[in-house]
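Hello,

Here is the structure I promised to hand over. Please open it first, then read my notes below.

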Amino acid sequence: NAGTEADVFICVYGERGDTGSRQLLRSQKPKKFLKGQTDIFAVEAVHLGHLYKIVMGHNGLGSGNGWFLDKVVIKDPITDLDYTFLCHRWLDQGQDDGNISRELTVTGSSSFPGRQELKLKREEIWAAEKWKFQEGNTLQFYNRITHGFVCLNPDSRVDALGDKKNKYGTVF
């Protein structure tokens with residue numbers, strides 16, 4: 001459920017102005033904005049010079065409108081430069097911070113995009129998993145060797161004997 005059927009819009013900002021909000025209509029793929037898919041769009045505009053930010057969003061309409069946006073790469077056909085805008089966040093009223101649009105700044109050419117992407121991935125994983133470590137939670141892991149559960153209790157006790165009949169146990 002990381003794709004969307006909503007109408008997606010982009011506004012590109014450069015040193016000479018912006019494109020205004022443009023709906024992304026025709027992808028080179030038969031169905032656009034699917035999970036794990038890279039879509040390619042042509043957006044016609046006057047040359048904006050060096051790009052520094054974009055605003056990506058959708059209208060929130062349709063079933064399953066939430067969307068996880070990894071990144072946007074804009075290729076300038078005049079200068080042959082690529083501009084990368086990292087997101088790694090949800091555009092979804094029911095996920096993350098509830099926003100369905102994001103303002104993204106260009107990744108600097110002097111930074112290491114791979115390292116920055118890794119940092120954002122770590123933050124994304126922690127944001128999704130940190131609920132497990134809130135005060136008062138008991139973590140349970142299924143041990144395939146003993147066929148029981150290893151429990152990490154809120155009071156720092158570890159039950160490694162594994163209760164095989166724990167009704168709250170979940171197999172990971």
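Start with strands β9 (residues 148–152) and β10 (residues 158–159): 2 bridges join them, and they run antiparallel. Strands here are DSSP runs of E with at least two residues, numbered from the N terminus. Two strands pair if DSSP finds at least two bridges between them.

A word on the basis. This is a predicted model, where local features need pLDDT of at least 70, side-chain atom pairs count only at pLDDT 80 or more, and totals for chains, interfaces and linings use all residues. Residues are numbered from 1 along each chain as its sequence is written, and side-chain values use heavy atoms, with hydrogens and water left out.

Back to the strands. L152 has V158 in β10 as its bridge partner. The β9 and β10 hairpin has 5 residues between the strands, and S156 takes a positive phi near 75°.

On its other pairing, β9 is joined to β8 by 5 bridges, again antiparallel. N143 stands opposite G148 in β9. This hairpin has 4 residues between its strands, and H147 in the turn has a positive phi of about 60°.

Together they give an open sheet of 3 strands, in the order β8-β9-β10. β8 and β10 are at the edges with a single partner strand each, so one side of each has no neighbour in the sheet.

F141 lies in β8 (residues 139–143). F141, L152 and V158 make a nonpolar surface patch of about 250 Å². Patch residues have over 30% relative accessible area and no salt bridge, and nonpolar side chains are joined within 5 Å. Areas come from the Shrake-Rupley method with a 1.4 Å probe.

Buried means under 20%, exposed over 50%, and partly exposed in between.

Now the inside. The largest nonpolar core has 18 residues; I10, I54, M56, L69, V72, I74 and F85 touch the most other members. Such a core joins buried nonpolar residues through side-chain atoms within 4.5 Å. β1 (8–14), β4 (51–58), β5 (67–75) and β6 (82–91) each supply at least two of its residues.

Best wishes

Key: Buried < 20%, exposed > 50% of the residue type's maximum accessible area, 1.4 Å probe, protein only. Patch = residues over 30% accessible without salt bridge, like charges linked within 9 Å, V, L, I, M, F, W, Y side chains within 5 Å. Salt bridge = Lys/Arg side-chain N within 4 Å of Asp/Glu carboxyl O.
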